Amino acid sequence: MFGLMQDRPLLIQQLIEHAAQYHGDTEIVSRRVEGDIHRYTYRDARVRAKKVAEALVSLGIKTGDRIGTLAWNGYRHFELYFGISGIGAVCHTINPRLFPEQIVYIVNHAEDQLLFVDINLLPAVEKLLPEFKTVKHVVAMCDRAHLPKDLKIPNLLVYEELIADKPGTYEWPEFDERTASSLCYTSGTTGNPKGVLYSHRSTMLHAYGSALPDTLGLSARSVVLPVVPMFHVNAWGLPYSGPMVGAKLVFPGPHLDGKSVYELFETEKVTFTAGVPTVWLALLNHMQANKLKLSTLKYAVIGGSAAPPAMITTFAKEYGVEVLHAWGMSEMSPLGTVNHPKEKHLSLPEDELLALRLKQGRPPFGVDMKIVDDAGKALPHDGKAFGDLLVRGPWITRGYFKGEGGDPLKDGGWFPTGDVATIDPDGYMQITDRSKDVIKSGGEWISSIDLENAAMAHPAVAEAAVIGVAHPKWDERPLLIIHRKPGAEVTKDELVKFLSDKVAKWWLPDDVQFVDAIPHTATGKILKTRLREDFKNYKLPTA
Ligand code: ADP
């Protein structure tokens with residue numbers, strides 16, 4: 001027997017309708033690529049999102065068509081999220097920091113019909129245009145007055161002109177909630193990028209799950225500034241969960257330096273923000289150098305890479321900001337876990353509470369997790385055993401766009417994250433490594449991340465990376481690669497001594513190499529594939 005409740009599909013366009021109806025006056029503030037600050041409300045955004053939908057229909061865009069965006073966080077990009085998905089087309093956000101050949105690959109693989117591009121990215125698109133096979137129009141995200149001169153882009157359209165004469169009264173269609181809504185390619189640290197294709201249903205369930213109190217805990221009183229870009233897993237879902245609860249949104253545009261972000265925090269009274277560790281480093285440096293304080297910010301979500309301990313304590317002690325350490329991936333929409341202490345943890349000694357906060361956190365309802373050994377056998381949730389982390393749930397992928405890479409699922413429906421982790425009895429998951437980065441020494445696993453974190457605590461170290469290198473007896477042994485702070489001195493022996501009371505003796509690196517810079521991916525993670533390439537012919541002194 002079925003229940004007798006209404007089967008209304010969960011659709012992304014309902015979010016902007018809800019926000020406009022019940023939070024119509026709530027503001028969306030954007031620092032524009034044009035340089036100024038733009039402000040309007042959810043009510044205004046709804047009309048313009050409908051105009052975008054009408055413009056797309058008039059250009060012949062149909063359900064299922066992919067529409068690319070190369071844009072920073074701003075109100076036009078926000079309108080596209082709803083205008084594109086709301087007609088049943090697919091909003092394909094592209095990371096402009098990718099290598100040009102990756103952008104070409106992604107646009108062609110997705111078969112993007114249109115490309116919406118922020119004005120400062122138009123020159124790069126102009127160069128790549130001859131290689132795009134399916135793009136019919138580029139749309140410059142500006143008005144005529146701000147269009148860069150001398151562009152040679154055939155069939156170029158201008159966003160404000162495209163929507164100017166549209167009525168803005170579009171009736172959003174209702175369709176199956178499993179319809180594809182958006183597409184995001186993983187950064188592809190190995191091989192070609194692969195597309196993760198979200199649906200309306202997965203996006204909406206992810207928005208519900210991420211707004212929960214122990215996840216991101218958003219409300220109509222929140223003022224949310226996503227530093228995490230809208231091309232990085234949909235800004236971790238904030239452009240959806242924000243309107244779901246009626247939060248004020250503040251979009252920082254292309255400038256993510258400490259000064260620009262700090263200014264917006266203060267002028268817009270931001271309470272909640274989210275981003276990767278590198279941007280917070282820049283913000284903290286700026287505030288320290290200029291003796292600034294934060295007057296309204298309460299929560300900073302740190303994810304994408306592990307939150308360094310010093311960052312968590314500095315935010316708390318100097319600025320009164322609670323860091324919410326979070327973990328996820330493109331394949332998970334992205335939220336997997338968020339770290340909120342439970343009541344019993346609040347009375348822990350400071351160092352134990354910090355140790356807890358360094359874990360990646362607990363999953364909200366909707367994410368199932370387990371850890372398994374090499375043979376696929378489930379390991380205990382005792383906080384000690386570590387193994388491959390598998391996940392399942394309604395906002396987790398079951399396969400990549402166009403079947404790339406085959407069926408990724410294991411064990412009857414579990415997605416292998418590629419992370420190695422522990423899970424403790426309270427449900428807190430802690431990443432110990434990426435499966436491909438873990439160092440296999442004499443049949444035992446050494447966590448490259450633990451070693452990096454330990455080395456990062458040395459005052460002379462700007463950044464540390466650890467890779468496994470071949471060893472005749474042990475298979476692999478750790479090599480520590482260090483980028484020193486400007487003017488700072490530290491030797492190999494000093495570093496190994498510094499680590500000796502922080503990690504097991506057999507984990508100590510066999511050698512330390514100093515470099516001028518550590519390479520990063522387009523999303524700010526250490527590019528270990530490059531390091532392994534750079535140190536391909538390197539021989540350990542112990543080998
Ligand atoms: P990529 O395409 O580089 O995989 P994602 O943004 O999907 O891009 O990255 C997901 C991966 O990032 C995770 O599998 C995990 O290894 C890493 N990651 C994300 N958040 C954290 C975190 N808080 N701590 C450690 N690693 C993290």
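1. Strand pairing, S17 and S18. These two strands are antiparallel and are joined by four bridges; strands pair if DSSP finds at least two bridges between them, and strands (E, at least two residues) and helices (H or I, at least four) are DSSP runs numbered from the N terminus. Glycine 387 has alanine 421 in S18 as its bridge partner.

2. Basis of the note. The model is predicted, so local features need pLDDT of at least 70 and side-chain atom pairs count only at pLDDT 80 or more, while totals for chains, interfaces and linings use all residues. Residues are numbered from 1 along each chain as its sequence is written, and side-chain values use heavy atoms, with hydrogens and water left out.

3. Strand pairing, S16 and S17. Strand S16 (residues 368-372) and strand S17 (residues 387-392) also run antiparallel, with five bridges between them.

4. The open sheet. Seven strands make up an open, mixed sheet in the order S7-S6-S5-S3-S4-S8-S9. Its edges are strand S7 (157-158) and strand S9 (195-199); each has a single partner strand, so one side of each lacks a neighbour in the sheet. Inside this order, strand S4 (residues 90-93) and strand S8 (residues 180-185) run parallel and are joined by three bridges. Threonine 93 is placed opposite cysteine 184 in S8.

5. Domains. The domain assignment, which is automatic or taken from a database, gives domain 1 (13-338) and domain 2 (439-534). Eleven residues of domain 1 and seven residues of domain 2 take part in the contact, meaning heavy atoms within 4.5 Å. Their C-alpha centres are 35 Å apart.

6. Domain interface. About 830 Å² is buried between domain 1 and domain 2, with 62% of it from carbon and sulfur atoms; buried area is the accessible area (1.4 Å probe) that the two parts lose on being put together, summed over both. Across this interface the rule finds zero salt bridges.

7. Salt bridges. The rule (a side-chain nitrogen of Lys or Arg within 4 Å of a carboxyl oxygen of Asp or Glu) gives a count of 38. One of them links lysine 342 and aspartate 426, whose closest N and O atoms are 3.9 Å apart. Lysine 342 is in the loop between strand S15 (335-338) and helix H13 (350-357), and aspartate 426 in the loop between strand S18 (415-423) and strand S19 (429-434), so the pair ties together parts 84 residues apart in sequence.
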